[in-house]
Amino acid sequence: MSFHAISLEEKQSALDELRKAKEQFAARGWFPGTSGNLSIRVGEFSPDSFHFAVTSSGKDKSIHTPEDFLFVDAAGEPCEATKLKPSAETLIHAKIYRMTGCGAIFHVHTVFNNVLSELYGDQGYVPVQGIELIKGLGIWEENAAIEIPVLPNYADIAAIAKLVPDALKPEIPGILLRNHGIYVWGKNAFEAKRHLEAFEFIFEVEYRRLALK
(Lines give C-alpha, C1' and ligand atoms only; values in the text may rest on other atoms or scores of the structure.)
Protein backbone atom coordinates (compact mmCIF):
# COMPACT_ATOMS: atom_id res chain seq x y z
CA MET A 1 0.00 0.00 0.00
CA SER A 2 1.33 3.42 -0.91
CA PHE A 3 1.33 6.16 1.71
CA HIS A 4 -1.27 8.16 -0.23
CA ALA A 5 -3.64 5.19 -0.19
CA ILE A 6 -3.83 5.31 3.62
CA SER A 7 -7.01 7.07 4.70
CA LEU A 8 -6.87 10.58 6.11
CA GLU A 9 -8.87 9.34 9.10
CA GLU A 10 -6.25 6.74 9.99
CA LYS A 11 -3.45 9.28 9.72
CA GLN A 12 -5.32 11.78 11.88
CA SER A 13 -6.11 9.10 14.46
CA ALA A 14 -2.41 8.20 14.73
CA LEU A 15 -1.45 11.84 15.23
CA ASP A 16 -4.13 12.28 17.88
CA GLU A 17 -2.89 9.23 19.80
CA LEU A 18 0.68 10.52 19.61
CA ARG A 19 -0.33 13.93 20.95
CA LYS A 20 -2.09 12.31 23.91
CA ALA A 21 0.88 10.05 24.70
CA LYS A 22 3.33 12.93 24.34
CA GLU A 23 1.32 15.08 26.73
CA GLN A 24 1.02 12.32 29.34
CA PHE A 25 4.70 11.34 29.24
CA ALA A 26 5.88 14.96 29.24
CA ALA A 27 3.82 15.55 32.40
CA ARG A 28 5.80 12.73 34.03
CA GLY A 29 9.12 14.29 33.06
CA TRP A 30 10.03 11.47 30.67
CA PHE A 31 11.28 13.81 27.87
CA PRO A 32 14.08 15.86 29.50
CA GLY A 33 15.86 18.28 27.18
CA THR A 34 13.73 17.42 24.09
CA SER A 35 14.86 13.79 24.40
CA GLY A 36 12.74 10.76 23.54
CA ASN A 37 10.57 9.89 20.56
CA LEU A 38 7.23 8.29 19.80
CA SER A 39 5.77 6.60 16.75
CA ILE A 40 2.62 4.84 15.53
CA ARG A 41 2.38 2.72 12.40
CA VAL A 42 -0.32 3.38 9.81
CA GLY A 43 -1.62 1.38 6.86
CA GLU A 44 -0.83 -2.16 5.82
CA PHE A 45 2.37 -3.88 6.89
CA SER A 46 5.00 -6.06 5.33
CA PRO A 47 8.58 -6.22 6.65
CA ASP A 48 9.86 -4.27 3.66
CA SER A 49 7.00 -1.81 3.20
CA PHE A 50 5.25 0.17 5.94
CA HIS A 51 4.73 3.73 7.14
CA PHE A 52 4.60 5.39 10.53
CA ALA A 53 4.11 8.75 12.18
CA VAL A 54 7.05 9.81 14.34
CA THR A 55 8.07 12.78 16.46
CA SER A 56 10.11 15.40 14.64
CA SER A 57 13.63 16.17 15.82
CA GLY A 58 14.53 18.72 18.50
CA LYS A 59 11.03 19.76 19.59
CA ASP A 60 9.89 20.65 23.09
CA LYS A 61 7.55 17.78 23.90
CA SER A 62 5.85 19.65 26.74
CA ILE A 63 3.92 21.78 24.23
CA HIS A 64 1.84 21.05 21.12
CA THR A 65 2.66 22.56 17.72
CA PRO A 66 1.78 21.72 14.09
CA GLU A 67 5.40 20.60 13.65
CA ASP A 68 5.44 17.85 16.28
CA PHE A 69 5.13 14.85 13.94
CA LEU A 70 5.72 13.69 10.40
CA PHE A 71 5.14 10.49 8.43
CA VAL A 72 8.05 8.34 7.26
CA ASP A 73 8.51 5.12 5.33
CA ALA A 74 10.31 1.87 6.19
CA ALA A 75 13.66 3.52 5.51
CA GLY A 76 12.87 6.39 7.88
CA GLU A 77 12.48 8.90 5.04
CA PRO A 78 9.66 11.49 5.00
CA CYS A 79 6.61 10.48 2.96
CA GLU A 80 5.68 14.07 2.08
CA ALA A 81 7.49 17.30 1.28
CA THR A 82 8.48 18.85 4.61
CA LYS A 83 11.18 20.90 6.31
CA LEU A 84 10.87 18.72 9.40
CA LYS A 85 13.45 16.09 10.26
CA PRO A 86 12.39 12.82 11.90
CA SER A 87 13.84 12.01 15.30
CA ALA A 88 17.47 10.96 15.13
CA GLU A 89 16.57 7.46 16.31
CA THR A 90 13.89 6.84 13.67
CA LEU A 91 16.04 4.04 12.19
CA ILE A 92 15.69 2.12 15.45
CA HIS A 93 11.91 2.49 15.28
CA ALA A 94 11.97 1.26 11.68
CA LYS A 95 14.02 -1.79 12.63
CA ILE A 96 11.69 -2.69 15.51
CA TYR A 97 8.64 -2.36 13.26
CA ARG A 98 10.33 -4.51 10.60
CA MET A 99 11.20 -7.25 13.09
CA THR A 100 8.02 -7.29 15.20
CA GLY A 101 5.18 -5.91 13.07
CA CYS A 102 4.04 -3.95 16.13
CA GLY A 103 1.72 -0.95 15.94
CA ALA A 104 3.38 1.62 18.24
CA ILE A 105 6.82 2.34 19.73
CA PHE A 106 7.58 4.70 22.61
CA HIS A 107 11.06 5.79 23.71
CA VAL A 108 11.72 7.76 26.91
CA HIS A 109 14.65 8.71 29.14
CA THR A 110 14.30 8.34 32.90
CA VAL A 111 16.74 8.30 35.80
CA PHE A 112 15.74 4.76 36.76
CA ASN A 113 16.14 3.20 33.32
CA ASN A 114 19.46 5.04 32.85
CA VAL A 115 20.93 3.88 36.15
CA LEU A 116 19.93 0.24 35.71
CA SER A 117 21.02 0.08 32.07
CA GLU A 118 24.46 1.33 33.10
CA LEU A 119 24.67 -0.96 36.13
CA TYR A 120 23.90 -4.05 34.05
CA GLY A 121 25.35 -2.86 30.75
CA ASP A 122 28.30 -5.24 30.76
CA GLN A 123 25.97 -8.13 31.53
CA GLY A 124 23.77 -7.25 28.55
CA TYR A 125 20.44 -7.45 30.37
CA VAL A 126 18.66 -6.29 33.52
CA PRO A 127 17.56 -9.31 35.62
CA VAL A 128 14.24 -8.90 37.38
CA GLN A 129 12.19 -11.37 39.40
CA GLY A 130 9.02 -11.40 41.44
CA ILE A 131 7.83 -7.84 40.76
CA GLU A 132 4.05 -7.69 40.35
CA LEU A 133 4.07 -5.37 37.32
CA ILE A 134 5.84 -8.01 35.24
CA LYS A 135 2.23 -9.02 34.58
CA GLY A 136 1.83 -5.70 32.76
CA LEU A 137 4.13 -7.13 30.09
CA GLY A 138 1.74 -10.05 29.58
CA ILE A 139 3.82 -12.49 31.63
CA TRP A 140 1.57 -14.17 34.21
CA GLU A 141 3.92 -16.82 35.59
CA GLU A 142 4.11 -16.79 39.39
CA ASN A 143 7.35 -15.22 40.66
CA ALA A 144 8.34 -14.64 37.05
CA ALA A 145 11.99 -13.96 36.24
CA ILE A 146 12.81 -11.91 33.15
CA GLU A 147 15.88 -10.46 31.46
CA ILE A 148 15.43 -7.04 29.84
CA PRO A 149 17.97 -6.60 27.02
CA VAL A 150 20.54 -3.78 27.18
CA LEU A 151 22.24 -2.63 23.99
CA PRO A 152 25.38 -0.46 23.79
CA ASN A 153 24.71 3.19 23.02
CA TYR A 154 26.68 4.26 19.95
CA ALA A 155 26.70 7.69 18.33
CA ASP A 156 26.00 5.89 15.04
CA ILE A 157 22.26 5.13 15.16
CA ALA A 158 22.49 2.74 12.21
CA ALA A 159 25.02 0.68 14.19
CA ILE A 160 22.54 0.36 17.06
CA ALA A 161 19.72 -0.59 14.68
CA LYS A 162 21.82 -3.47 13.34
CA LEU A 163 21.98 -4.94 16.86
CA VAL A 164 18.21 -4.91 17.41
CA PRO A 165 17.31 -8.23 15.70
CA ASP A 166 19.66 -10.32 17.86
CA ALA A 167 18.55 -8.55 21.05
CA LEU A 168 14.81 -9.05 20.58
CA LYS A 169 13.04 -11.46 22.91
CA PRO A 170 9.46 -12.32 21.87
CA GLU A 171 8.23 -12.24 25.48
CA ILE A 172 9.92 -8.91 26.37
CA PRO A 173 8.42 -5.91 24.52
CA GLY A 174 11.30 -3.57 25.27
CA ILE A 175 15.01 -2.86 24.81
CA LEU A 176 17.25 -0.59 26.88
CA LEU A 177 20.07 1.49 25.44
CA ARG A 178 22.90 1.73 27.93
CA ASN A 179 22.90 4.98 29.90
CA HIS A 180 20.28 6.35 27.50
CA GLY A 181 16.68 5.15 27.66
CA ILE A 182 14.17 2.46 26.75
CA TYR A 183 12.23 1.52 23.63
CA VAL A 184 8.95 -0.29 24.21
CA TRP A 185 6.32 -1.45 21.76
CA GLY A 186 2.86 -2.95 21.52
CA LYS A 187 0.19 -3.88 19.03
CA ASN A 188 -1.27 -0.37 19.48
CA ALA A 189 -0.67 2.80 21.48
CA PHE A 190 -2.67 1.55 24.47
CA GLU A 191 -0.59 -1.61 24.79
CA ALA A 192 2.70 0.22 24.25
CA LYS A 193 1.76 2.70 27.00
CA ARG A 194 0.89 -0.16 29.36
CA HIS A 195 4.21 -1.82 28.67
CA LEU A 196 6.12 1.42 29.22
CA GLU A 197 4.42 2.11 32.54
CA ALA A 198 5.10 -1.48 33.66
CA PHE A 199 8.77 -1.25 32.72
CA GLU A 200 9.25 2.06 34.50
CA PHE A 201 7.56 0.75 37.65
CA ILE A 202 9.81 -2.32 37.52
CA PHE A 203 12.92 -0.15 37.12
CA GLU A 204 12.02 2.04 40.07
CA VAL A 205 11.29 -0.93 42.32
CA GLU A 206 14.55 -2.63 41.33
CA TYR A 207 16.53 0.59 41.85
CA ARG A 208 15.07 1.13 45.30
CA ARG A 209 15.55 -2.52 46.20
CA LEU A 210 19.24 -2.28 45.32
CA ALA A 211 19.56 1.00 47.24
CA LEU A 212 18.32 -0.75 50.42
CA LYS A 213 20.96 -3.44 50.31
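**A chat about a predicted model**

Author: UniProt, in an unreviewed entry, lists residues 16-207 as "domain: Class II aldolase/adducin N-terminal". The structure here is a predicted model.

Reader: How far apart are the end C-alpha atoms of residues 16-207?

Author: They lie 34 Å apart. The span is 32% helix and 26% strand.

Reader: Let's take a helix, then. Which residues of α4 are buried?

Author: Helix α4 covers residues 157-167, and its buried residues are Ile157, Ile160, Ala161, Val164 and Ala167. Seen down the axis of α4, these fall within an arc of 115°, so they line one face of the helix.

Reader: Why would residues three or four places apart point the same way?

Author: Because an α-helix has 3.6 residues a turn.

Reader: What do the buried residues of α4 pack against?

Author: They pack against α2 (90-100), β6 (145-151) and β7 (174-177).

Reader: And which exposed residues does the face turned away carry?

Author: Lys162 and Asp166.

Reader: New topic. Where does phenylalanine 45 lie?

Author: Phenylalanine 45 is in strand β1, residues 37-46. With a relative accessibility of 30%, phenylalanine 45 counts as partly exposed.

Reader: What is phenylalanine 45 in contact with, leaving aside neighbours within four places in sequence?

Author: Phe50, Tyr97, Arg98 and Gly101. Threonine 55 is 10 residues away along the chain, and the two C-alpha atoms are separated by 20 Å.

Reader: Last one: is valine 111 buried or exposed?

Author: Valine 111 is exposed, because its relative accessible area is 60% and the cut-off for exposed is over 50%. Valine 111 sits in helix α3, residues 111-119. Together with Val115 and Tyr207, Val111 makes a nonpolar surface patch of about 250 Å².

Key
Residues are numbered from 1 along each chain as its sequence is written. This is a predicted model: local features need pLDDT of at least 70, side-chain atom pairs count only at pLDDT 80 or more; totals for chains, interfaces and linings use all residues. Side-chain values use heavy atoms; hydrogens and water are left out. Patches are made of residues with over 30% relative accessible area and no salt bridge: like charges are joined within 9 Å, nonpolar side chains (Val, Leu, Ile, Met, Phe, Trp, Tyr) within 5 Å. Accessible areas come from the Shrake-Rupley method with a 1.4 Å probe; for residues, only the protein chains shown count as cover. A salt bridge is a side-chain nitrogen of Lys or Arg within 4 Å of a carboxyl oxygen of Asp or Glu. Helices (H or I, at least four residues) and strands (E, at least two) are DSSP runs, numbered from the N terminus. Buried means under 20% relative accessible area, exposed over 50%, partly exposed in between (1.4 Å probe, protein chains only). UniProt positions are given in the numbering used here, feature names are shortened, and annotations may be inferred rather than shown by experiment. Contact means heavy atoms within 4.5 Å. The arc is that of the directions from the helix axis to the C-beta atoms.
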